[in-house]
Amino acid sequence: MKRKTLTILCLMLVMAWLAGCATMEPPKKVPYRLSPQGTVIWEDELEFMPPPPDWKLLRVEVGENDINFGFMKSDAGGYPSVTSFAYDEEPFGSATKLEQREKEFFKRFLFNAILQFQILEKKKVQVVGGEGLAVTVEGKDPVKKEKVRAKVIFGKRGDRVVGFYITQWRPMDGTYDLSAFEIFDKFAASFKFLKKSFYETL
Amino acid sequence: MEGHQRNLYLYERFNARVLGVSRDDIITLKYFAKSLDLTFPLISNVTAFLGVSMDVQPEGQPIFGRRTVIIDKTGIIRYARQGSPDFKNILLFLKKLNQEGRLDPTTGGKP
């Protein structure tokens, strides 16, 4: 009898402890939800196909009301082997024409890394329901003995240019994992705007 | 500054013009404007009187603090915010001002 009472008391304590946890830390509100089709709906504004679960969601707190998120995956091969990709509402530059914006963008892209860039491919693509421009580059840092392969896709949202980019860092003698670029392409190709942007409503 | 450049077409829509003011010399500003592809005017105010008048000149420092100021057609300061510009907030404010008619040169500042 004494043992039973002790067990009930222990259970009550555990329940009280769990209830305390529940009240102390309310569930965090996330800005996204999953649709029945498996796509992510971000703040009821964007819809896209997420990458596989081994990609970690990144959020950068740069400003209120800004859309700022991306995905990252650490790769085999040690530092600096990492791949990340993101959607960017305000890519570097200001031109509204894609070709002009591309020139402005690459003056600043990965500026801090001081890389020697080479354009590997530039082609017109379809993205976010219109014509876009996809540019694949490789940058090398002979001093740090690192390299990066990147692809940037410029598209239009209303009058403004938006961008998608992926960067994959490797040691100079490392091998790129091109399957990550295929995942990025699927992400960009699946991207939809569910409503007008702030700028389109002005 | 790049954010203002991106928004120039919207400022145009709301009858607003943008000016940048800095204590840097003209040569420095020319290079700065070129590096960011800026097409709006940057004013070099080496003697700092504009910064003093807008209360952005910290005592004994060679640079201005960051402040966004919106002046209406009649010369009245209608908006002043310290720090990095909140572009969406600025655009909403300009839209409101334009609807009031205060920035519309065709109405002479009258709604």
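**The side chain of Asp37(B) is partly exposed, at a relative accessible area of 26%.** Partly exposed denotes the range between buried, under 20% relative accessible area, and exposed, over 50% (1.4 Å probe, protein chains only). The model is predicted, so that local features need pLDDT of at least 70 and side-chain atom pairs count only at pLDDT 80 or more, whereas totals for chains, interfaces and linings use all residues. Residues are numbered from 1 along each chain as its sequence is written, chains are lettered from A and ligands numbered from 1 in the order of writing, and side-chain values use heavy atoms, with hydrogens and water left out. A salt bridge is taken as a side-chain nitrogen of Lys or Arg within 4 Å of a carboxyl oxygen of Asp or Glu. Helices (H or I, at least four residues) and strands (E, at least two) are DSSP runs, numbered from the N terminus. Asp37(B) is joined to Lys107(A) by a salt bridge of 3.0 Å, N to O. The pair joins two chains, because Asp37(B) lies in the loop between α3 and β2 (42-44) of chain B and Lys107(A) in helix α2 (residues 98-108) of chain A. Lys107(A) is likewise partly exposed, with a relative accessible area of 40%.

**Chain B and chain A bury about 1,500 Å² between them.** Carbon and sulfur atoms account for 50% of this buried area. Three residues, Arg6(B), Tyr9(B) and Lys88(B), supply 43% of what chain B buries against chain A, more than any other three residues. Buried area is the accessible area (1.4 Å probe) that two parts lose on being put together, summed over both. In terms of contact (heavy atoms within 4.5 Å), 16 residues of chain B meet 17 residues of chain A.

**Salt bridges and polar contacts cross the interface of chain B and chain A.** The rule finds 3 salt bridges between the two chains. A polar contact is a pair of N or O atoms within 3.5 Å; within protein, one atom must be able to donate a hydrogen and the other to accept it, and residues adjacent in sequence count only if both atoms are side-chain atoms. By this criterion, 10 residue pairs are in polar contact across the interface, both residues being at pLDDT 80 or more. On the side of chain B that touches chain A, at least two residues each come from α1 (2-6), α2 (8-13), α3 (26-35) and α5 (87-100) of chain B. With 4 residues, α5(B) gives the most to that side.

**A network of salt bridges links Glu90(A), Arg108(A), Arg160(A), Glu2(B) and Arg6(B).** Within this view, the side chains of Glu2(B) and Arg108(A) meet in a salt bridge of 2.7 Å, N to O. Over all chains, the structure holds 16 salt bridges.

**Arg33(A) and Asp44(A) form a salt bridge, with their closest N and O atoms 2.8 Å apart.** Asp44(A) is in the loop between β2 (40-42) and β3 (46-48) of chain A and Arg33(A) is in strand β1 (residues 32-34) of chain A, so the pair ties together parts that are 11 residues apart in sequence. Asp44(A) is partly exposed at 45% relative accessibility; Arg33(A) is partly exposed at 45% relative accessibility.

**Helix α5 of chain B holds the pair Glu100(B) and Lys96(B).** The two residues are 4 residues apart, about one turn of the helix. Their salt bridge has its closest N and O atoms 4.0 Å apart. Glu100(B) is partly exposed at 26% relative accessibility, and Lys96(B) is partly exposed at 44%.

**The buried residues of α2(A) are Leu98(A), Arg101(A), Glu102(A), Glu104(A), Phe105(A) and Phe106(A).** Their cover includes β7 (116-127), β8 (130-141), β9 (146-157) and β10 (160-171) of chain A, together with α1 of chain B. Just after α2(A), Leu110(A) takes a positive phi of about 50°. Chain A as a whole has 3 helices and 11 strands, and buried residues make up 41% of its 202 residues.

**Leu19(B), Val21(B) and Ile43(B) form a nonpolar surface patch.** Together they have about 240 Å² of accessible area, computed by the Shrake-Rupley method with a 1.4 Å probe, where for residues only the protein chains shown count as cover. Patches are made of residues with over 30% relative accessible area and no salt bridge; like charges are joined within 9 Å, and nonpolar side chains (Val, Leu, Ile, Met, Phe, Trp, Tyr) within 5 Å. Val21(B) belongs to strand β1 (residues 20-22) of chain B and is partly exposed, with a relative accessible area of 36%.
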